[in-house]
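Below is a walk through one model, from its overall form to a few side chains.

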Amino acid sequence: SPAMANGRCRIHGGTSTGPKTQEGIENIRKAQWKHGQRSAEAVRRRKEGMALRREIKRLVRITTSL
């Protein structure tokens, strides 16, 4: 069951203070990772792919108009 509406643990009664160590913070970050489609690397790859496709289309238009 989820925590109570006031943010306290329904079993222990204490509030969560979140991770304190770098390892704990990293574990939380990894747990929140869903699919990576909006990561900086994925966005960069999509932009490069689109630029390459635009260049190919431009070259095709040039060669077919000759």
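What percentage of the 66 residues of the protein count as buried? The share is 8%, where buried means under 20% relative accessible area, exposed over 50%, and partly exposed in between (1.4 Å probe, protein chains only). This is a predicted model, in which local features need pLDDT of at least 70, side-chain atom pairs count only at pLDDT 80 or more, and totals for chains, interfaces and linings use all residues. Residues are numbered from 1 along each chain as its sequence is written, and side-chain values use heavy atoms, with hydrogens and water left out.

The protein contains two helices and zero strands; helices (H or I, at least four residues) and strands (E, at least two) are DSSP runs, numbered from the N terminus. Its radius of gyration is 24 Å, well over the 11 Å that the globule rule gives for 66 residues, so the protein is more spread out than a compact globule. That radius is taken over C-alpha atoms, and the rule is 2.2 Å times the number of residues to the power 0.38. Along the principal axes, the C-alpha atoms fill a box of roughly 75 × 25 × 15 Å.

Helix H2 covers residues 40–64 and holds Ile 56, which is partly exposed at 46% relative accessible area. Met 50 also lies in helix H2 and is partly exposed, at 40%. Between Met 50 and Lys 20 there are 30 residues in sequence and 41 Å in space, C-alpha to C-alpha.
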